[in-house]
Amino acid sequence: MTDLNPPPLPSPVITAPLRLGDEVPGFTARSTQGLFSLADLRGRWVVLFSHPADFTPVCTSEFVAIARAADRFAALDCALVALSVDSLFSHLAWIRMIHDRFDVRIDFPIIEDPSMVIARAYGMLGPKAQDASAVRASYFVDPDGILRAMTCYPATVGRSVDEMIRMIAALQRVHAGDVLAPAGWTPGADLLRPPGETAEAVHGAPDATDWFYAPVPDEPGK
Ligand code: BEZ
């Protein structure tokens, strides 16, 4: 006879929290776009973002907003990958509902993580968390698989798509290490030169502040 009792889950693995500059954990899992491997996105910028639950109001508003901005992410060659604890069939039913209600197709993969093993590997959950209700995290990953930024929002507040896109654009612009992105930077606005680190740089600067605060025009590729 079939045993309908699922095997006990392994005890949660306690992992060190992910830090900026770490290589992100790889994984292969089922998704709404078929079997998904993070390794297949090497060479591209990626936003991996989690949500607390399918069929919830704030999460639905985020998915509609992110899907409507898909062209803006694509223009930055940035892949979107969503993840939650819900089953693949819940994800599929939810994206159909979103399509029917909002006339938006969710064409990026939504990963199922029923055991929360991926969420734990990324440090989205504390080792003692019993459920994923606190998870609204975003991981901004560079083409080498290195974590460059992360955000964590509560279940009660949705993310800003403009800020997600601004973050990717800024991370891409500063990636070579020759410029810094000031507060509120958006493409086309002035950037900042990295500060001087020697007495020569201080004394050689045209005025008393230029060595540490020097706006430079945004000239991509230069
Ligand atoms: C929401 O996305 O609306 C939500 C998610 C988890 C708990 C409560 C609300």
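Modeller: Helices here are DSSP runs of H or I with at least four residues, strands are E runs of at least two, and both are numbered from the N terminus. This is a predicted model: local features need pLDDT of at least 70, side-chain atom pairs count only at pLDDT 80 or more, and totals for chains, interfaces and linings use all residues. Residues are numbered from 1 along each chain as its sequence is written, and side-chain values use heavy atoms, without hydrogens and water.

Colleague: How do helix H1 and helix H3 lie, roughly parallel or roughly perpendicular?

Modeller: H1 spans residues 57-68 and H3 residues 88-102. Their axes (lines fitted to C-alpha atoms over the stretch in contact, with angles from 0 to 180 degrees between N-to-C directions) come within 11 Å and cross at roughly 70 degrees. Angles of 65 to 115 degrees take one label, which makes this pair roughly perpendicular.

Colleague: Which parts does the pair of Phe49 and Phe63 tie together?

Modeller: The whole structure has nine aromatic pairs (Phe, Tyr or Trp ring centres within 6.5 Å). The partners are 14 residues apart in sequence, so the pair ties together strand E3 (residues 45-50) and helix H1.

Colleague: Which element supplies the largest share of the lining of the second largest pocket?

Modeller: A pocket is an open set of points on a 1 Å grid, with protein on both sides within 12 Å along at least five of seven lines; lining residues have an atom within 4 Å of a point. This one holds about 210 Å³, and Ala70, Cys78, Leu80, Asp107 and Phe108 lie nearest its centre among 16 lining residues. The lining has 13 nonpolar, no polar and three charged residues. Four residues, the largest share, come from E4.

Definitions and conventions
Parallel < 35°, antiparallel > 145°, perpendicular 65-115°, else oblique. Phe/Tyr/Trp six-rings, centres within 6.5 Å; stacked < 30°, edge-to-face > 60°. 1 Å grid on protein atoms, 1.4 Å probe; cavity = no way out; pocket = protein on both sides within 12 Å on 5 of 7 lines; lining within 4 Å. Points joined across faces, edges and corners; volume = space filled by probe spheres on them. Nonpolar A, V, L, I, M, F, W, Y, C, P; charged D, E, K, R; others polar.
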